[in-house]
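Dear colleague,

Please find below the structure that I am handing over to you. My findings follow it, and I would be grateful if you would read them alongside the structure.

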Amino acid sequence: MSSWLDKIMPGMNRSNAHQKSTVPEGLWKKCPKCGGFLYRPELDKNLDVCPKCDHHLRITARRRLETFLDAEGREELAAELEPYDRLKFKDTKRYKDRISHAQKSTGEKDAMVVMQGSVQGVPVVVAAFEFSFLGGSMGAVVGEKFVRAVDRCREQKIPLVCFATSGGARMQEAILSLMQMAKTAAALEKLKAEGIPYISVLTDPVFGGVSASLGMLGDLNIAEPNALIGFAGPRVIEQTVREKLPEGFQRSEFLLEHGAVDMIVHRLDMRDTLARLLAKFQQLAPPVLDPAPMPIEVPDEPVS
Amino acid sequence: MNPHFLDFEQPIAELEDKIEELRLVGNDSDINITEEINRLRNKSTSLTETIFSDLAPWDIARLARHPRRPYTLDYVEHIFTDFDELHGDRSFADDYAIIGGTARLNGEPVMIIGHQKGRQIPEKVKRNFGMPRPEGYRKAARLMEMAERFRLPILTFIDTPGAYPGIGAEERGQSEAIAANLALMSRLKTPIISTVVGEGGSGGALAIGVCDRLMMLQFSTYAVISPEGCASILWKSAEHAPTAAAAMGVTAQRLKSLGVTDQVVAEPLGGAHRNPEEMAATLSAALQDNLNQLKQLSTDQLLELRYKKLTAYGPGR
């Protein structure tokens, strides 16, 4: 899976390859950005943000939901939906085989997990993309799950939050994946008409059909620091315009500067910030925020 | 090789050249060669029929980009009267890769939006090869909102390789511009008919293609990514484009069977470029027919059916 992603977004998928040799499995992890040794319990507590360089590591959909939602009263929605290879698509591999491989390696049925719950007591439905599942690409299951999330929000008048991380549309579903852009956009327009808030959180990376539909349609578009976000991938742009891309191009900070996102929010502040914002939009009292976490004692680093 | 013909059209080109030569000879000689010309014409017709009865998806993908294929403004000229082109997104620029304006279809006022490619090199460059930037989509949005205000049906014509992958386009929010159009078009209180007349290139096509009725000309294509792009990502080489075109099912016929396209509009023998006037007449009738049907619906019905159509592309079997 890494190779085609690497092609559209070079450097994006390099994190796992060269770490394994130098770092003992389990307790320590090497930061893909600064190369520093990260103590697993500390990293866990820090929500997979490097304590040394503040790099936001990629996390799974389930970990995202577990760390974002309140512990009590979570319910997964549309968990039964499974992909179906309607086109009998085959490139160098069968799409069917790609699906079963991705399902085995991620434990997910497709690239999105949806849960209803609350954040700091504010009721919310949250959709999270699973990047490890075929690059978080959007096919018919992702589109349908997203619309079911919207429907639940409309039924119960509660806000929607989506954590996107995706290479874009799923090529193996061809035109049907393109149509998910229109489908999710149409559903969001209904939500908007009913005055229900939608916050789109863009996490590294978000491109193509996901960026150009549900990703950019939030009442608020929020980005995690230093996430790569755009329509066309950097390599495609470089090949088209034949010039070097500017420093920081398509990073969250670039998007903020160009007016595409409302704010950049650190992962450790995500719960508090979104709860405060949603409470205001919903005419609720200010939420009671989490107490600051206790620091973790870190042992000596391993010698590499 | 005749550069105005594709490789599989070359035998037709040779016959056409021969007919033309004979005609010129016929003009300044006494020999009666009418019979010979007629014989060659019949041969050309049956040859074209044979070649076009068995086109691969990749052949059709190349026909959709044929250098002589009619573009949006050609259809505007042949189908509509009283066209006034309207320019600009009111905040940054006018994008020549998308044209828009008011016109009349058989006397009835409508709003036209369409991608526009150029014929000669300077025109191609001016039109950015039909690849819009955010201001193109924002111009389209502005005109479509205006159409809703004045209750004009919207007719869009799709013909683009895709949205332009450029630095400025990203800086000005290409993703947001496309996304905003998808959302807007899903709720506009006026009928929308979209026709893919050439290439339907991904999000750049869909951004003016959310509609009540989707028509595709017989040799047009519509896909999530170009066959070359798909091939270079999944097969690691653009040379596999013909295979990718077949795998993705980019043709009008295939998309009709998948329920994405509502109607396939037949092209003249040999493709739209062999007889643009005939193509325009057929398309005009199809547009009028669909518009008549949509006008029977109340606004609520129209929007309900559109929402159903848009959310129907589910994971079911």
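Please note that this is a predicted model. I begin with a link between the two chains: A:Glu189 forms a salt bridge with B:Arg187, and their closest N and O atoms lie 2.6 Å apart. The count of salt bridges between chain A and chain B is one. Between these chains there are also 11 residue pairs in polar contact, where both residues have pLDDT 80 or more.

Together the two chains bury about 4,400 Å², of which 73% is on carbon and sulfur atoms. Within chain A, the residues that lose the most area to chain B are A:Met171, A:Ile175 and A:Phe231, which together account for 15% of what that side buries.

Finally, I draw your attention to one residue of chain B. B:Ser44 is found in helix H2 (residues 34-52) of that chain. Is this residue buried or exposed? B:Ser44 counts as buried because its relative accessible area is 4%, under the 20% cut-off. Leaving aside residues up to four places away in sequence, B:Ser44 touches B:Ile12, B:Leu15, B:Glu16 and B:Ile19.

Yours sincerely,
A colleague

Terms used:
Residues numbered from 1 in each chain as written. Chains lettered and ligands numbered in written order. Predicted model: local features only at pLDDT ≥ 70, side-chain atom pairs only at ≥ 80, totals over all residues. Heavy atoms only, no water. Buried area = accessible area lost by both parts, 1.4 Å probe. Salt bridge = Lys/Arg side-chain N within 4 Å of Asp/Glu carboxyl O. Polar contact = N/O pair within 3.5 Å; in protein donor to acceptor, adjacent residues only side chain to side chain. Helix = DSSP H or I, 4+ residues; strand = E, 2+ residues; numbered from the N terminus. Buried < 20%, exposed > 50% of the residue type's maximum accessible area, 1.4 Å probe, protein only. Contact = heavy atoms within 4.5 Å.
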